[in-house]
Amino acid sequence: MIRVVLPAHLRTLARVAEEVELQVAPPVTLRAVLDALEATLPMLQGTIRDHATQQRRPFLRFFACEQDLSHASPDTPLPEAVVAGVEPLLIVGAMAGG
Amino acid sequence: MSGVRVLVGTRKGAFILTADGKRERWEVSGPLFGGWEVYHVKGSPLDPNRIYASQSGGWFGQLIQRSDDGGKTWEPMGNKFAYEGVPGTHQWYDGTQHPWEFARVWHLEPSLTDLETVYAGVEDAALFRSVDGARTWEELSGLRSHGTGPSWQPGAGGLCLHTILLDPSNPERIFTAISAAGAFRTDDGGKTWRPINRGLRSEGIPDPDAEVGHCVHRLAMHPSRPNVLFMQKHWDVMRSDDAGDSWQDVSGNLPSDFGFPIDIHAHEPDTVYVVPIKSDSEHFPPDGKLRVYRSRTGGNEWEPLTNGLPQSDCYVNVLRDAMAVDSLDSCGVYFGTTGGQVYVSANAGDRWEPIVRDLPAVLSVEVQTLP
């Protein structure tokens with residue numbers, strides 16, 4: 001089970017608790033997790049990745065296991081601890097304004 | 001007894017203000033979508049329980065929310081606004097070409113005839129339509145691609161399509177306005193468009209009376225007289241008696257003809273309201289006095305309405321979508337300020353009272369007259 005932590009505004013939008021659990025078939029990549037997240041919670045489409053380009057929205061970051069994965073290829077396998085459900089994938093809003 | 005529901009979009013969420021027909025005691029609910037910019041909230045003229053909201057922000061982009069119970073509960077709808085074809089470029093602030101990029105929905109206009117149809121005016125300027133209650137959106141691309149698009153340039157707020165007027169006497173006719181391109185009209189339901197800016201003069205563009213490039217801030221139409229349009233331009237208050245084919249300056253004795261909103265009395269098509277702002281470089285009322293100006297003659301002759309409004313040390317702005325009128329027998333006029341006040345006059349502007357004083361900066365005000 002993959003654990004994903006959403007920022008507050010997206011938790012409100014999706015009406016979920018802080019952490020979402022997803023079944024993702026291997027290989028578990030960022031793209032696969034986001035695809036599964038948007039399939040489970042379709043109201044998140046367009047809020048994390050641009051509809052057309054599928055690029056990460058500029059004010060969002062992806063962190064896991066104390067690493068910044070924001071600039072890694074979306075097809076890079078996620079850390080083993082995320083795949084094993086020990087650590088969550090963190091989707092974080094840039095710390096600015098609000 | 002009939003009542004009103006005022007829909008307020010702000011920089012940090014939406015609020016709903018309700019009262020009975022006296023418009024004296026108000027219930028304030030919200031914030032809805034707290035922390036998000038809500039550029040516009042508007043109800044369907046066919047079913048007051050159907051309300052749409054444009055919710056956006058720099059972090060998570062654009063969302064469209066819909067309520068089917070008068071604003072009690074909301075559901076996120078479709079938020080995919082894809083320009084048709086290759087979007088191309090428009091003029092940037094420095095005169096260079098810049099790619100068309102979707103930023104946000106400024107204005108939502110529910111259809112007068114079909115509950116499931118709603119129009120969206122967006123930045124960068126384009127008009128979208130949904131025919132399934134905002135689940136999916138399709139661009140009416142004839143507007144953006146009719147030929148002048150590459151010469152459109154953004155105003156200070158962006159290249160936004162902020163006004164959509166639907167002609168109640170002709171379902172094929174729609175008026176739109178874009179900052180800073182001008183006003184446009186379709187007579188075939190949105191397939192083809194033409195600029196309707198003859199008579200406008202604007203400094204700050206190479207050709208002051210060019211076909212496009214004018215910073216139109218807002219258009220208003222009375223439903224009983226859809227060929228008569230009023231316009232608050234960047235500078236100048238204008239009037240057209242031929243559906244936009246030509247325009248005349250009706251600024252008359254206004255203390256400043258710069259401003260953003262313009263609206264019309266529900267029962268008197270020649271009674272028009274504007275809020276003069278000092279200048280394009282000082283977006284606050286002249287002399288620190290918040291004054292709505294009313295013309296009962298369709299322009300040119302204006303009277304200040306000050307009773308109940310701050311007449312010293314007031315430096316708020318009133319944005320283009322932040323004025324509305326109800327249709328009760330004694331027409332109510334409403335406007336919101338960037339200082340977070342929403343004012344009501346239950347007597348056509350003769351006396352004003354604040355409904356709320358301390359909301360976030362108000363972006364839009366609409367009102368529904370309830371049975």
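This is a short talk on chain B of a predicted model and on the contact between chain B and chain A.

Hi everyone, thanks for coming. Please keep in mind that what you see is a predicted model.

Let's start with the fold of chain B. How many helices and strands are there in chain B? The answer is zero helices and 30 strands. If you box up the C-alpha atoms along the principal axes, you get roughly 50 × 45 × 40 Å. Of the 371 residues, 54% are buried.

Now let me pick out one residue, Thr186(B). You'll find Thr186(B) in strand β16, which covers residues 182–186 of chain B. Is Thr186(B) buried or exposed? Thr186(B) is buried, because 21 other C-beta atoms lie within 10 Å, and the cut-off is 20 or more. Beyond its neighbours within four places in sequence, Thr186(B) is in contact with Arg173(B), Ile174(B), Lys191(B), Thr192(B) and Trp193(B). As for Trp137(B), that residue is 49 residues from Thr186(B) in sequence, and the C-alpha to C-alpha distance is 19 Å.

Last stop, the contact between the chains. Chain A gives 14 residues to the contact and chain B gives nine. On the chain A side, the largest share is three residues from helix α1, residues 8–14. By class, that side of chain A has seven nonpolar residues, six polar and one charged.

Note on methods
Residues are numbered from 1 along each chain as its sequence is written. Chains are lettered from A and ligands numbered from 1 in the order in which they are written. This is a predicted model: local features need pLDDT of at least 70, side-chain atom pairs count only at pLDDT 80 or more; totals for chains, interfaces and linings use all residues. Helices (H or I, at least four residues) and strands (E, at least two) are DSSP runs, numbered from the N terminus. A residue is buried if 20 or more other C-beta atoms lie within 10 Å of its own, exposed if 12 or fewer, and partly exposed in between; C-beta atoms are placed from the backbone. Two residues are in contact if their C-beta atoms, placed from the backbone, lie within 7 Å. Ala, Val, Leu, Ile, Met, Phe, Trp, Tyr, Cys and Pro count as nonpolar, Asp, Glu, Lys and Arg as charged, and the others, Gly among them, as polar.
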